[in-house]
4 protein chains.
Amino acid sequence: MNGFTRRKEQKKEGVRQAAIVLFKTYGFNKVSINDIAQKAGVSQVTIYNHFGSKDELVHDIVKTVFLSCMEKYRAIIKGDKTFPEKMEIIVFEKTELTSQYHGEWMQTVARSYPQIQQFIENIWMQEVNRLMIDFFAEGKKQGYVNPELSSEALLLYFEILRKGIFASSDLIARTGNSEKLMRDLISLSLYGLVGRKE
Amino acid sequence: MNGFTRRKEQKKEGVRQAAIVLFKTYGFNKVSINDIAQKAGVSQVTIYNHFGSKDELVHDIVKTVFLSCMEKYRAIIKGDKTFPEKMEIIVFEKTELTSQYHGEWMQTVARSYPQIQQFIENIWMQEVNRLMIDFFAEGKKQGYVNPELSSEALLLYFEILRKGIFASSDLIARTGNSEKLMRDLISLSLYGLVGRKE
Amino acid sequence: MNGFTRRKEQKKEGVRQAAIVLFKTYGFNKVSINDIAQKAGVSQVTIYNHFGSKDELVHDIVKTVFLSCMEKYRAIIKGDKTFPEKMEIIVFEKTELTSQYHGEWMQTVARSYPQIQQFIENIWMQEVNRLMIDFFAEGKKQGYVNPELSSEALLLYFEILRKGIFASSDLIARTGNSEKLMRDLISLSLYGLVGRKE
Amino acid sequence: MNGFTRRKEQKKEGVRQAAIVLFKTYGFNKVSINDIAQKAGVSQVTIYNHFGSKDELVHDIVKTVFLSCMEKYRAIIKGDKTFPEKMEIIVFEKTELTSQYHGEWMQTVARSYPQIQQFIENIWMQEVNRLMIDFFAEGKKQGYVNPELSSEALLLYFEILRKGIFASSDLIARTGNSEKLMRDLISLSLYGLVGRKE
DNA sequence: AATGAATGAGGGTTCATTCAT
DNA sequence: GATGAATGAACCCTCATTCAT
């Protein structure tokens with residue numbers, strides 16, 4: 001990659017980051033191309049020159065964010081931590097990874113651009129699901145996961161927890177991270193409502 | 001209620017329903033007052049005469065939907081079904097009640113209108129939480145809920161599940177309601193990842 | 001005038017008064033038919049039934065106000081007070097008469113409705129000017145007015161003073177009606193900048 | 001100032017002039033941004049890009065006109081003409097300066113935008129009053145102004161005359177600037193109603 | 001005769017996008 | 001290649017006026 005191309009890629013990355021921050025802060029629909037241009041310190045036209053149109057910009061951002069996000073997922077799952085540690089990271093997102101990927105704006109984008117939704121689903125289903133299924137197999141083998149549960153249900157359950165926690169993040173923050181509460185929540189996801197029969 | 005008032009209320013209700021359908025279908029931000037007016041078969045100005053502004057229309061709709069939704073919640077919890085049946089209904093919302101209340105547009109609205117968010121939280125916290133705490137007590141008494149879990153944690157867990165399911169509603173719909181999947185999901189919420197130790 | 005007609009005329013008068021108050025308070029362009037209807041406690045349609053259209057309502061109001069105003073002028077000029085007293089009343093408008101007739105809204109109306117402007121000018125030129133000319137004649141005869149000045153110039157001068165004072169009413173109010181100031185102002189209009197040569 | 005800036009300023013000035021002409025011709029409230037845009041030969045959005053909003057456009061125009069107007073005032077007062085000549089120019093505004101500044105639309109604007117009214121009053125009070133007080137001092141020294149009159153009263157009198165003349169500008173225009181009339185008016189302001197005692 | 005309901009036309013404003021330098 | 005300037009389309013909202021009861 002020569003100097004020209006590198007500088008160009010830097011500008012594009014600057015625009016992407018500016019857009020992501022704004023989308024997260026104000027919501028997708030409230031952010032105009034002009035806002036992004038100002039935040040990124042370039043002219044609107046520059047964005048058009050680089051990305052073509054708003055749709056293409058969005059598509060590019062989603063793609064970029066998604067791929068990088070998936071890479072981090074992979075690193076976690078293939079990493080050295082124990083199963084419960086990995087689970088905690090994935091579900092409770094101690095990492096900042098999904099603070100970027102997630103957020104209402106992604107849902108809105110997916111809704112507004114069927115093309116993008118298609119893309120996400122393809123990637124997600126193909127790549128992430130495969131990772132997760134491996135992960136569950138590991139959990140079952142180590143006795144952390146009920147082997148009777150289908151991978152499909154487990155995937156969905158994780159998705160639900162992940163999205164629910166994300167959507168409740170303000171509530172959780174308001175609890176002040178009380179330890180008892182956190183222990184209870186983890187107990188709930190591990191042993192359910194009924195609790196552990198010893 | 002005389003003829004005038006009745007017809008007026010019918011028109012208002014028609015507008016509300018048109019708006020809800022459009023919001024659910026296209027997302028809140030993509031729906032203009034003009035769209036709603038056309039769908040409802042009235043003029044834009046009629047909407048303004050009845051509701052005052054887009055904000056007030058939205059507020060009115062949220063209020064209406066929410067109150068009716070809460071009434072149904074109350075009926076379920078105070079009803080005659082067994083604890084697990086009630087839980088299933090509440091969490092997985094087999095009833096159509098939340099098909100109306102839920103939908104990405106509600107999140108978007110709450111995000112765009114702090115006033116409405118405030119309203120929702122007040123109602124929810126004050127009314128729904130009280131109902132839920134009663135519900136948990138019933139569950140603990142009947143042995144369905146681990147008595148060591150705090151009400152706070154249970155509330156939060158339900159909130160997470162509810163929001164997560166809501167946010168995953170499209171995913172769930174796509175599974176086609178397979179029975180095995182549903183059984184697994186219920187198992188997960190009752191006995192957690194680890195599963196029942198018999 | 002029978003009961004029906006009287007009641008009808010009362011309603012019309014109520015609408016007129018409401019309109020005048022609103023015009024004076026908020027300016028002609030900021031007042032809608034709806035505002036007037038609400039202030040007058042009737043429906044918009046009632047105004048249309050009585051007056052025909054906004055234009056006709058305005059025309060009617062201007063006509064009414066103007067004629068009543070002129071009647072008061074006539075009473076003052078034909079009254080028993082001395083020339084300087086009359087002058088003070090007319091110019092400095094101690095009476096409330098012109099607080100109604102005057103005001104920015106009248107100018108705006110005249111500007112917007114050439115027909116009305118025509119009407120005002122005809123009445124004013126024909127009636128008021130005649131009154132004023134008599135008044136100047138009286139003043140000249142009594143030695144209060146320089147006989148060399150043309151009636152035209154005197155008319156214009158009065159008009160200028162009247163309008164200028166009206167437009168400066170807030171400034172004047174802010175001076176707190178200091179006596180010295182008032183004496184100076186009267187001296188200025190009687191003896192001009194140069195002052196009295198004794 | 002390079003080509004860009006110059007052309008931009010030209011466009012802005014074109015918009016300003018178009019707006020002033022339209023305001024003077026049709027009155028402030030009857031002129032829409034669209035009207036101005038068409039008259040100036042640009043798109044509505046261009047006006048928004050340059051001025052931000054209708055309010056800001058108006059503010060900008062008033063400011064521009066006012067400052068240029070004040071500069072001319074200063075030139076007159078500090079100029080070489082005799083006191084009566086200066087007075088005539090200032091009060092009767094033979095110069096075209098106030099044909100621009102004046103007009104009913106300015107009153108309407110001041111009424112509609114308290115912020116602008118504030119601005120005008122601040123400038124006027126601080127700058128113009130200082131100029132006028134110097135001017136009166138000159139008049140008194142040269143024997144043209146009764147030295148017993150307070151500066152306050154003189155200022156108010158001028159203000160009244162100025163506003164009155166301004167408000168009567170259509171009347172004055174209709175007189176066709178007859179010479180006798182003008183002489184009489186000047187006589188009235190110099191020697192008042194009573195006239196010169198020789 | 002009086003009213004609540006309804007509307008077409010128009011106003012200010014914003015946005016994604018293109019033009020000209 | 002990058003920018004300031006410019007725009008058509010669309011949006012929320014208001015107004016004078018008519019319709020239906």
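Author: Start with one term. Two residues are in contact if their C-beta atoms, placed from the backbone, lie within 7 Å. The model here is predicted.

Reader: How do I read that for chains C and D? How many residues does the contact take from chain C and from chain D?

Author: Chain C puts in 40 residues and chain D puts in 41. On the chain C side, helix 7 (104-112), helix 9 (151-167), helix 10 (169-174) and helix 11 (179-191) each supply at least two residues.

Reader: Which helix of chain C gives the most to the side that touches chain D?

Author: Helix 9 of chain C, with 11 residues. Sorted by class, the side of chain C that touches chain D has 19 nonpolar, 12 polar and 9 charged residues.

Reader: How are chains C and D placed relative to each other? What rotation superposes chain C on chain D?

Author: A rotation of 176 degrees, with 0.2 Å of shift along its axis. The RMSD of that superposition is 0.9 Å.

Reader: Why can one say that the copies meet through the same surface?

Author: Compare the interface residues. Of those in chain C, 98% are also interface residues in chain D, so the copies meet through the same surface.

Reader: Now chains A and B. How many residues does the contact take from each?

Author: It takes 41 residues from chain B and 41 residues from chain A. Helix 7 (104-112), helix 9, helix 10 (169-175) and helix 11 of chain B each bring at least two residues to the side that touches chain A.

Reader: Next, the nonpolar core. Which residues of the largest one touch the most other members?

Author: This core has 35 residues, and A:Ala153, A:Leu154, A:Tyr157, B:Ala153 and B:Tyr157 touch the most other members. Helix 8 (114-141), helix 9 (151-167) and helix 11 (179-191) of chain A each supply at least two residues, as do helix 8 (114-141), helix 9 (151-167) and helix 11 (179-191) of chain B. Helix 9 of chain A gives the most, 11 residues.

Reader: Take B:Tyr157. Leaving aside its neighbours within four places in sequence, what is it in contact with?

Author: A:Leu185 and A:Leu188. There is also a second, separate core of 33 residues, which includes C:Phe136, C:Leu156, D:Phe158 and D:Ile160.

Reader: How do the residues near DNA strand F divide by class?

Author: Into 11 nonpolar, 16 polar and 6 charged.

Definitions and conventions:
Residues are numbered from 1 along each chain as its sequence is written. Chains are lettered from A and ligands numbered from 1 in the order in which they are written. This is a predicted model: local features need pLDDT of at least 70, side-chain atom pairs count only at pLDDT 80 or more; totals for chains, interfaces and linings use all residues. A nonpolar core is a set of buried Ala, Val, Leu, Ile, Met, Phe, Trp, Tyr and Cys residues joined through C-beta atoms within 7 Å. A residue is buried if 20 or more other C-beta atoms lie within 10 Å of its own, exposed if 12 or fewer, and partly exposed in between; C-beta atoms are placed from the backbone. Helices (H or I, at least four residues) and strands (E, at least two) are DSSP runs, numbered from the N terminus. Ala, Val, Leu, Ile, Met, Phe, Trp, Tyr, Cys and Pro count as nonpolar, Asp, Glu, Lys and Arg as charged, and the others, Gly among them, as polar. Copies are superposed by least squares on the C-alpha atoms of residues with pLDDT of at least 70 in both.
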